[in-house]
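Please examine the sequence and the model shown here.

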Amino acid sequence: MQNLLLALRNIGRNKRRSLVTILAIAVSCGGLALFGGYASWMFRAVEEQTVGSYGHLQIYRKDYYDKGTGNPAAYAIDDYDKIKKLLEEDPVLKPKLDLVTGQILFNGMVTSAKTQSASTFAGLGVFPSEDYHLTEWNPYGITRANELKENANYFSGTPELADDDITGCSVGLGLAKVLRLDEKPEKTPASSPAQPTAASDPPKAPASDGVDLNFLTSQTGPKESDPGDKQSLDLLVSPPNGGMPNATTITVRKLMPRATKEMEDTLIKLHIKHASELLFRGQPLHVTAVIVLLKSTDDTDMAMARVQKLIDDHHLNLEQKRWEEIRPFFPRMKRMIALIFDFVFVLLVVMVSFLIYNTQSAGIMERLGEIGTLRAIGVTRISLWRLLVLEGLMLGLLGGLLGMVFAILGDRLCQVIHIVYIPPTVTFYAKLEVLVLRNPVVLLQAFVGGLLCAIVSSALPARKAARMEIVEALRHS
Amino acid sequence: MPENPPLVEAEKISKNYLLGKTVVAAVKEVSLSVARGAFTVISGPSGSGKSTLLHVLGCLDKATSGMLRIAGENVSALGDHELSLFRARKLGFIFQSFNLIPVLTALENVEYPMRINKVPHKESKERAREMLESVGLSEYIHHRPTEMSGGQCQRVAIGRALIMKPDLVLADEPTANLDSATGELIMELMHELKRKMGTAFVISTHDPMVAAQAEQRIMMRDGKLQANA
């Protein structure tokens, strides 16, 4: 206690020097915590976006991931309901699961009769409400793109898809430009003859080896009455087992930005029942991927192990991939940001260490006589060393605490001043956030870093002072 | 063993310094003894080696050769850590420039040696208060050294030196920074406390007034003991 008191009072001797040192530590610790909070936001935003698109795990038919991208539908899973039930009813997985859903991915050609334009596309069939639930996954509470007024053009108004709108679709902005679609398409009214009678009962397409014009017609009433309707698109896809292409007409509900430019330029999202029927006419629902969304990303390893056990136990011809494998961008980005963080961390550590070393050395030089006195009256070398290191520690502690306050203020300030920007690889606005309060680990890391710096950089001058000859030190009285 | 062994026994103490490449002999084979409760003065001209001898006797500096025994302990054989503990328990120091810790109050300065010796807080505070009363500073217990006169600071230093009831107090020119009246008062105080506590004092000084009060007088010249009376 006496040492603590003495250390605090010694810090107060040269107030300006101590204040400058404390401020430098505070700015460094605060800056580090803010950068950590920013990196944390980036990691979580990308994780949230990736998991919100792909889930934590995707289960495919074996070899789909390596060989199926050219013809995904050829690797479709035809017993989706059975697999979904198996996963949802597993007692180990059940408490961890947020959602099990399916997707079907396919490629084809899209044309717009009205604008006389055509393009290749990537089709993604989803269960609309489940897909919406998937995209809403946000356990970290970060500001989502659809909450920003800057993105209101894209995310307001009609939902992208609806469970009861079998023929509705959303088109990526880039593809919409190619097809020269209206910027704000309005959904065809529900009473429109274009709608199937029931979402769960999509119109059956007759078997045919040729272009399935009857199927096309049955799906798209408006096409007959208004072949030039700008909201309608014709899709042409090759059946997975070969033969003549199948065709259908879909209604554009919405034009949407996508997470990446590539997706924005190619993706058409539609009801999975429509997509499955288009590819596997008259057959039960097919999916190319069963998506597993967990409540927490921390459970991914556990869930993966469990899913693998289920696959093995039930001799299913399936394989699985975790979200970081599906989008390797994430671990690469994470590594890059971590490296930048480490670099900045080292720079700040060196700077703060030199500053504390300098402050401590100067303070010790000014107090050599006093150090000699303390040693003369019986303070041991180790006790003196501890006292001097305690002074450095107090500087680090005060600077670190102030740094935490700076970081928290920075966090709040970022929330208040509302900085938005378009991040690389993404096509819509994101709000800059620093997850300092929502990820207090960064605060703790910066604080402990500051303290360690203070201890290490004051240990050396303290050692030098403690090893001085008493008589030599007393000469400076 | 004699019935009343001396408090300090020094046998052929030498202390050499290395000045560049030259060896300087500051103290040359000095032998002396100091009785318990004695008031000993080391005097001599500047550079005679009296401060060096005082430092060696105070275990602040190690002799190059010779044997030193204080309170029955062969301090020549002790390491730095043990010497620190020995100083804390058995020795007290009074310096020319008072050498108080400027950030501590008078009370805290006097308390400090008890902190080193792990005396319980309540007891140390009480004893420090009593000590300051006995040196006439009861009204200054919460004053810092910068808020006190030289004489008052030296009183605090005397209190600090005596608070652990040491066997020996070493004082290096204790009156040099004081006016003669204050110096005399300080010497009176030291005598009074010596009588009350039975502590031996070894004082290094130029001051004839101080030297005149010695019960044992050691004269140094050129590092050698010239007279021990």
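Among contacts in chain B between residues at least 6 apart in sequence, 72% join residues at least 24 apart; two residues are in contact if their C-beta atoms, placed from the backbone, lie within 7 Å. This is a predicted model, in which local features need pLDDT of at least 70 and side-chain atom pairs count only at pLDDT 80 or more, while totals for chains, interfaces and linings use all residues. Residues are numbered from 1 along each chain as its sequence is written, and chains are lettered from A and ligands numbered from 1 in the order in which they are written.

The C-alpha trace of chain B spans about 50 × 45 × 35 Å along its principal axes. A compact globule of 229 residues would have a radius of gyration near 17 Å, and the 17 Å of chain B therefore agrees with that expectation. The radius is taken over C-alpha atoms, and the globule rule is 2.2 Å times the number of residues to the power 0.38. Of the 229 residues of chain B, 48% count as buried. A residue is buried if 20 or more other C-beta atoms, placed from the backbone, lie within 10 Å of its own, exposed if 12 or fewer do, and partly exposed in between.

Chain B contains seven helices and 10 strands. Helices (H or I, at least four residues) and strands (E, at least two) are DSSP runs, numbered from the N terminus. Four strands of chain B form an open sheet in the order S2-S1-S4-S5, with antiparallel pairing; two strands pair if DSSP finds at least two bridges between them. The edge strands of this sheet are S2 (22–34) and S5 (73–74) of chain B, each of which pairs on one side only. Within the sheet, strand S1 (residues 8–19) of chain B and strand S4 (residues 65–70) of chain B are joined in the antiparallel sense over five bridges. One position can be traced directly: B:Ala10 has B:Leu68 of S4(B) as its bridge partner.

In chain A, strand S4 (residues 168–172) is mostly covered, with five of its five residues buried. In a regular strand the side chains alternate between the two faces of the sheet. From S4(A), A:Gly168, A:Ser170 and A:Gly172 point one way, A:Cys169 and A:Val171 point the other way, and all are buried. S4(A) pairs in the parallel sense with strand S6 (residues 246–256) of chain A over five bridges, and in the antiparallel sense with strand S7 (residues 267–271) of chain A over three bridges. A:Ser170 stands opposite A:Lys254 in S6(A) and opposite A:Lys269 in S7(A).

The two chains also meet. Their contact takes 19 residues from chain B and 18 residues from chain A. On the side of chain B that touches chain A, helices H2 (80–90) and H3 (106–116) of chain B are the elements that give two or more residues. The largest share of that side, six residues, comes from H2(B). By class, the residues of this side of chain B are 10 nonpolar, five polar and four charged. Here Ala, Val, Leu, Ile, Met, Phe, Trp, Tyr, Cys and Pro count as nonpolar, Asp, Glu, Lys and Arg as charged, and the others, Gly among them, as polar.
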